[in-house]
Amino acid sequence: MCDQTFVAATFGPCECCTKPSPLINIYIKTEPINYCSFCVEVMACQGLQKGETLASLKRETETLKKKLEEERGKLNDVELHQVAEKAEAVGALSIKTKRVLKGHGNKVLCMDWCKDKRRMVSSSQDGKVIVWDAFTLNKEHGLSLPCTWVMACAYAPSGTAVACGGLDNKCSVVPLSLDKNENLAAKKKSVAMHTNYVSGCTFTNSDMQLLTSSGDGTCALWDVESGQLLQSFHGHTADVLSLDLAPSETGNTFVSGGSDKKANVWDMRSGQNIQSFESHESDINCVKYYPSGDAFASASDDSTCRFYDLRADREVAVYQKDSIIFGASTVDFSMSGRLLFAGYNDYTINVWDVLKGNRLSILFGHENRISRVRLSPDGTALCSASWDNTLRIWA
Amino acid sequence: MLPKGRDIIDWLIQKYNVSEEESLHVGGMLVKYGYIYPLKEPRSLVLRPDESPYRFQVSRSSPIQYVYLDTIYLAKKNIRKQGELMEYEKERYSVLHKRINHTWDFVVMQAREQLRASKQRRKADRIVLECQEQAYWLINRPPPGVHNVLDVGLERPNNFSARVTLVSGFIAFIYFLFVKYSEQYLNHDPIMQGCLPSNPWISDDTAHWTMNADMVPTPTRLRVERWSFSFMELLEDSMGRREFMTYLEKEFSAENLCFWQACEDVRHGESSRIVEKVEDIYKNFLAPGAARWVNIDSKTMDKTLEGIRHPHRFVMDDAQMHIYFLMKKDSYPRYLKSDLYKNMLAKAIVPQETKKSVFPFMRRQRHSSPSPAQAATQAEDGQAKGAGQADIDRIFVITEINRRTQLRCLS
């Protein structure tokens, strides 16, 4: 049927077969026609040639449309992997587990490295937050939060505090003290207050400001000292699941990804949504900037990871494979931005060649979903946190 | 396979349930306004109901791409004409400069690359492309006083294909930059290339961290090389920043870096100290006759002074950016050419690769390191709290001293 039909319902004699029945009032090129549903169908089929059905015509239209869109696509210039043909291939990677951090009693949901390149903080479903020296496997600090599902944790740039939050709808900052007798939880200070769970947090360039993302659909910037809300970021239409700060010169933007399948770039100063990318087919679980700050990657429940460039304002590559059918939960780049580490719900970490688009390696070892992967600050190791209660260091 | 005229007409008939006559009419309008264009006889803008091939025009470039394309075009013109742009072009250039300040390097690189590439084309092609580009911008950004001809529906298929060329080159250049970046940083990627003397996580030897600590007397060669990758790399490494400060002192422009650091402190520090810090900055750097007066253009200075009357976290942003780009464009390149930097590079150490242990089954002892938390507690005694840059430096000094003491005890 043509696009310009309007459907209403009345009762009366059909203008075609004269039988009284519920009528469909339609217009054919501004001519009003009141037929019963049977006669409407007959009329529609009269436009068909021999051997055709409405369904087959529709299919043909779709094929033509696709063909035309393909042609349009061809006009849209060169692909990243074509330009990358000139680049040298990545040599064989030998990445093995070098440490296994055991100590959490439940799913490890998040982790973050300290700037000293060897310490880290991790948080788990049972409310425990542990600070480790991952090199020696020593647990240096531990605290218990009253809530479960601590989904976000971050190490302060100075190394003297950590932030954590989750189902308590808050994000708190805890100063670290080496006094063994001190109860760290007593010094805990609530900074961020959301109206739903906190999914991600990060300090900005100092210990003084905290950026959070939440299931309430917003992100927010907080002053740690006073707990004051400095700026809030509205635009997502569903839970915000992840955020990352841009490593740019002027240090003023960050990217967030959410259940609305969108990745949004924000100006921290004005609260404005500068750019938005929507090409994933399901929730975006994680976003991470490329080292130069000009692009970022995302991991999604649609089992793909994607690469977006901010200057070209579009998706630049998709990392997917038929054999990967589980959602991707986390991504991070290697130091040069050539490798992309992605953790999946099928317990594996896949290593992708960012430029050429092919999968270089799979890392097996965890016995449950990967919740987080993070490269150490000097790029010497990758840490993965998993629902199997452990963290692994790979190098 | 390219859509043929006949395909397009049939598609329109199906989609809109119209007659052949109407479809030809609508299709013809699409061609006339450049949404579809013929590959054969491009000057004849009609939709032929036959096997003639057509192409769809690239959809409108996004506003952000448009800004970049516009800026790159003006940058090219600026370079070619050595600054002799028309007044309205100069104004637009400066507006765009502010808007995408943070990726200015990229714009200049693009512009230079396009100019270089065009020089290599045959003269005839070059002239055609230049005409196309010029015509495109004449239509899309008409000079003041010139009628905007787009309203009149001029048929200029050339301009649309110019846009295709522009966007195409723009995107390819971006991809090229990704390749360049990964090549430049390859040796700095331990997972891909390994690190010297060894990766601590693999060998259990922390020498790599020791050699790259903040307060080493002699840095590694890779580290010093990295300072030359970008101004941001130099400033982010505290040793690099100190070296640069030393250089600026020799040049009597150290106040620029001090000013920049003070502004960073305002931007990222405690809300409660903003007013106090802004006052300090004014006294030291901006007030007439200030001890370390910084040279900012009058427009930015006026705006900043106005803003200081009601200080907030971002009040110094414009001035800070101005000084940042001043250092980046002027002092930074000269520093890289200076003896100070060259000597640092020459005496920088290249660690020897540690061979794998003869007895691989014997694990080295893994030494612990002082926690940054402990260092902060020590620093706190008799000192006001606050994680300013000085405090962080102190933390790392103490950490380093502790660590060296430990090492000495263990050897």
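In the predicted model, B:Arg313 is joined to A:Asp223 by a salt bridge in which the closest N and O atoms lie 3.8 Å apart. This pair belongs to an interface for which the count between chain B and chain A is 3 salt bridges, alongside 15 residue pairs in polar contact, both partners being at pLDDT 80 or more. On the side of chain B that touches chain A, the most is given by helix H7 of chain B (residues 157-184), which supplies 15 residues. By class, that side of chain B comprises 42 nonpolar, 25 polar and 14 charged residues.

Taken as a whole, the interface brings 81 residues of chain B into contact with 90 residues of chain A, and the area buried between the two chains amounts to about 7500 Å², with carbon and sulfur atoms giving 63% of that area.

Within chain B, the domain assignment gives domain 1 (5-56), domain 2 (66-140) and domain 3 (219-347). The centres of domain 2 and domain 3 of chain B, taken over C-alpha atoms, are separated by 30 Å, and 5 residues of domain 2 are in contact with 5 residues of domain 3. Between them, these two domains of chain B bury about 340 Å², of which 47% falls on carbon and sulfur atoms. The side of domain 2 of chain B that touches domain 3 of chain B consists, by class, of 1 nonpolar, 2 polar and 2 charged residues.

Notes:
Residues numbered from 1 in each chain as written. Chains lettered and ligands numbered in written order. Predicted model: local features only at pLDDT ≥ 70, side-chain atom pairs only at ≥ 80, totals over all residues. Heavy atoms only, no water. Contact = heavy atoms within 4.5 Å. Buried area = accessible area lost by both parts, 1.4 Å probe. Salt bridge = Lys/Arg side-chain N within 4 Å of Asp/Glu carboxyl O. Polar contact = N/O pair within 3.5 Å; in protein donor to acceptor, adjacent residues only side chain to side chain. Helix = DSSP H or I, 4+ residues; strand = E, 2+ residues; numbered from the N terminus. Nonpolar A, V, L, I, M, F, W, Y, C, P; charged D, E, K, R; others polar. Domains from an automatic or database assignment.
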